[in-house]
Amino acid sequence: MDSNEKKIALVTGGSRGIGAAIALEISKNYHVIINYNSNGEKAQELANRIIEMGGSAEIIRADVSKEEEVTAMFRHIKNTYKNLHLLVNNAGITADGYVMTMSLETWNKVINTNLTSVFLCTREALKIMYNAKTKGKIINMASVSGVMGHGGQANYSAAKGGVVALTKSIAKEVSDYGITVNAIAPGFIETDMVKKVPKATVDNVINSIPIKRVGKAEEVAKFAAYLAGDDAGYFTGKVFTIDGGMII
Ligand code: NAI
């Protein structure tokens, strides 16, 4: 299918993990722009897979924590499509450690990549949606850590808590234009991000999850695709936890 016939979506950090699963899932209804920072080969493999499945996709490099790279990425989208219907702010990193020994550099890196990036991409996306009079959708990837806090992850929890507050605030700001903004707060999802967690810690976490297993990227992606669809028009400013019951 041609990109001209489809709505346009951008997924940040979309080359692997939850972002890649979302890109695949929404490609049934959207032309997918897969943003990546470093692994262009992996992003291209995913775009090829979407095209083989009958969809349309392209890749675009930008470090979403850097203002000039974000504005260049959105300039490309505006010049090419003059529109954007869906933004999935998915890119994120962890750099765990205790506050007492955390450097300002580590703090800033996590805040900039997980929170400032959401502000920057949302600002640029909203300009395109507003000018095109598009009732667009924004989906932000938060985390249960941002809702309930997590020792050893104060930087990440603060950033994701910021994403939750940003989601609610922007939802109120743009509801008059018909644009909706929601967040998904996953629990413990099996991706590269959690592969670096020691097995004993993983076992402990699983024990504390009522459903007694880690989640799958596809489970998050299917819900994101629902939120990205026409049937989800009456949600905004919401934070949906997908966590096997970690927060009840
Ligand atoms: P992942 O590490 O597999 O994927 C993260 C993606 O973001 C990667 O493709 C990475 O290259 C990209 N990225 C990182 N910094 C970037 C930057 N500056 N610019 C552009 N792209 C950048 O992790 P995963 O698990 O797929 O995470 C996706 C989102 O879900 C993240 O926001 C994460 O915080 C969130 N999340 C993940 C959970 C999990 O258990 N895996 C739990 C809760 C939230």
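Buried, here, means under 20% relative accessible area, with exposed over 50% and partly exposed in between, using a 1.4 Å probe and protein chains only. This is a predicted model, where local features need pLDDT of at least 70, side-chain atom pairs count only at pLDDT 80 or more, and totals for chains, interfaces and linings use all residues. Residues are numbered from 1 along each chain as its sequence is written, and side-chain values use heavy atoms, without hydrogens or water.

I'll start with helix H1. Helices are DSSP runs of H or I, at least four residues, numbered from the N terminus. Nine of the 10 residues of H1 are buried; among them are Ile 18, Ala 21, Ile 22 and Glu 25.

What does H1 pack against? The axes of H1 (residues 17–26) and H9 (residues 217–227) come within 8 Å and cross at roughly 45°. Axes are lines fitted to C-alpha atoms over the stretch in contact, with angles from 0 to 180 degrees between N-to-C directions.

Contact means heavy atoms within 4.5 Å. On the H1 side the contact includes Gly 17, Ile 18 and Glu 25, and on the H9 side Glu 218, Val 220 and Lys 222.

Next, Ser 145, which sits in helix H5 (residues 144–148). Ser 145 is buried, at 6% relative accessible area. Its side chain makes a polar contact of 3.1 Å with that of Gln 153; the term needs an N or O pair within 3.5 Å, one able to donate a hydrogen and the other to accept it. Leaving out residues up to four places away in sequence, Ser 145 touches His 150, Gln 153, Tyr 156 and Ser 157.

Notes:
Helix = DSSP H or I, 4+ residues; strand = E, 2+ residues; numbered from the N terminus.
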